[in-house]
Amino acid sequence: MAVFTLPTELMDFYKDHLEFISEHAVDPDMRRYVVKEEAPRHYIDIDHYGEDCFKIVPREWDEAVAKFSEDTLQAYGIVPWHVKRMYVRLINAFKEKDIPYILKTSADIGHYIADAHVPLHTTENYNGQLTNQKGIHGFWESRLPELYAEDYNYFIGRAEMVKDPLATIWTAVERSHNAVDSVLEFERALNDDFPSDRKYAFEERGRSTVKVYSRDYSAEYHQMLDNMVERRMRASIITIGSFWYSAWLEAGQPELNGEIDPKDWEEIEAEKKQLEADYHAKPVKSREHDE
Ligand SMILES: [Zn+2]
């Protein structure tokens, strides 16, 4: 979706590789089960740092490490800093006109930026586990979009130059975090009101039957959130487009119509195959421990 926020020249490039981007957009989540360092890149439990967390935690990585130690930062999540790191990597990939690497890094950074826009990726209570609301992570992030994403408005506007990438991603995290109270409180209120025997339902997914939040329950929650999921998603899409666009600008707007060495593709596809194999080799139980 972010592809359509881009200026024509760059949009055409990404359009040619849409399939690659959407296929690889899920790689970071798979990597969580394979690479130990991966998980903290997807979130920041910012409220761990106290009431005034956004004032307390330095925006710059080095300053944050000096204040809290790298171990602490890793323990509570590093998404804003990781987005910055990926951004630098993307600029370099553009400079080198390394197309497979541009695409892979674009998919990666897109994933992390999207995560930073999800309120429950910014709190220690990421799955409502501290307030007896277990499951709310997937409810907000997957179930509501599954039911309503086709009604969202995807006319989003144009990607813009990101002057200060770190500040931009921190703003996204802060806005996400500001929504955490509503995400939790609305569900809590709804849960108190709603007949408990109608809260969940069973639906078919392929050949299996899964327990989901019922359509009625979801509809009520959707109403209460007043398009919050859509708003966060739209903000995420424009931010992703803007980071891609800015990285390309920073790299001097390289032309990207060169031939790709088939070896480069093979390398990336082999990597992906390995990732999938490693992922599927993990017991389902540990894979489900997603939120
Ligand atoms: Zn993620």
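A cavity, on a 1 Å grid over the protein atoms alone, is a set of points where a 1.4 Å probe fits but cannot get out, and its lining residues have an atom within 4 Å of a point; grid points are joined across faces, edges and corners, and a volume is the space filled by probe spheres set on the points. By that definition, the largest cavity here has a volume of about 40 Å³. This is a predicted model, in which local features need pLDDT of at least 70 and side-chain atom pairs count only at pLDDT 80 or more, while totals for chains, interfaces and linings use all residues. Residues are numbered from 1 along each chain as its sequence is written, and side-chain values use heavy atoms, with hydrogens and water left out. Helices, named H with a number below, are DSSP runs of H or I with at least four residues, numbered from the N terminus.

**The cavity**

- A search of the whole structure finds one cavity of 30 Å³ or more.
- Its lining is made up of Leu144, Tyr152, His222, Leu225, Asn227, Met228, Val229 and Glu230.
- Helix H12 (215-225) and H13 each supply at least two residues of the lining of the largest cavity, and the largest share, three residues, comes from H13.

**The zinc site**

- The zinc ion has as its protein donors Asp29 (OD), His42 (ND1), His111 (NE2) and Asp115 (OD), which lie 2.1 to 2.5 Å from it; donors are N, O and S atoms within 2.8 Å of the metal (3.2 Å for Na, K and Ca), and sites may look incomplete because water is not among the atoms.
- The angles among the four donor atoms run from 84 to 173°, and the site is irregular; four donors count as tetrahedral if all angles lie between 85 and 135 degrees, four count as square planar and six as octahedral if opposite donors are over 155 degrees apart and all others between 65 and 115, and anything else is irregular.
- Along the sequence, the donor residues follow the spacing D-x12-H-x68-H-x3-D.
- Distant parts of the chain are linked by the pair of Asp29, in helix H3 (residues 27-31), and His42, in the loop between H3 and helix H4 (53-56), which are 13 residues apart.
- Asp29 counts as partly exposed because its relative accessibility is 26%, whereas His42, at 0%, counts as buried; buried means under 20% relative accessible area, exposed over 50%, and partly exposed in between, with a 1.4 Å probe and protein chains only.

**The nonpolar cores**

- The largest nonpolar core has 53 residues, of which Leu10, Tyr14, Trp81, Phe94, Ile109, Trp170 and Trp244 touch the most other members; such a core is a set of buried Ala, Val, Leu, Ile, Met, Phe, Trp, Tyr and Cys residues joined through side-chain atoms within 4.5 Å.
- Elements giving two or more residues to this core include helix H1 (8-16), helix H2 (18-24), helix H8 (99-116) and helix H13 (228-250), and H7 gives the most, with nine residues.
- Leaving out residues up to four places away in sequence, Trp170 touches Ile44, Ile46, Phe54, Val57, Pro58, Arg59, Pro80 and Trp81, where contact means heavy atoms within 4.5 Å.
- Another core, of 22 residues, lies apart from the largest one and has among its members Phe139, Tyr152, Ala179 and Tyr221.

**Buried residues and their partners**

- Lys104 lies in helix H8 and is buried, with a relative accessible area of 16%.
- Not counting residues up to four places away in sequence, Lys104 touches Phe20, Arg31, Ile268 and Glu271; Lys104 and Phe20 are 84 residues apart in sequence and 8.2 Å apart in space, C-alpha to C-alpha.

**Positive phi angles**

- Most residues other than glycine have a negative phi.
- Ser69, in the loop between H5 and helix H6 (70-76), is not a glycine but has a positive phi of about 80°, and at 30% relative accessibility it counts as partly exposed.
- Lys97, in the loop between H7 and H8, has a positive phi near 50° and counts as partly exposed at 46% relative accessibility.

Key. 1 Å grid on protein atoms, 1.4 Å probe; cavity = no way out; pocket = protein on both sides within 12 Å on 5 of 7 lines; lining within 4 Å.
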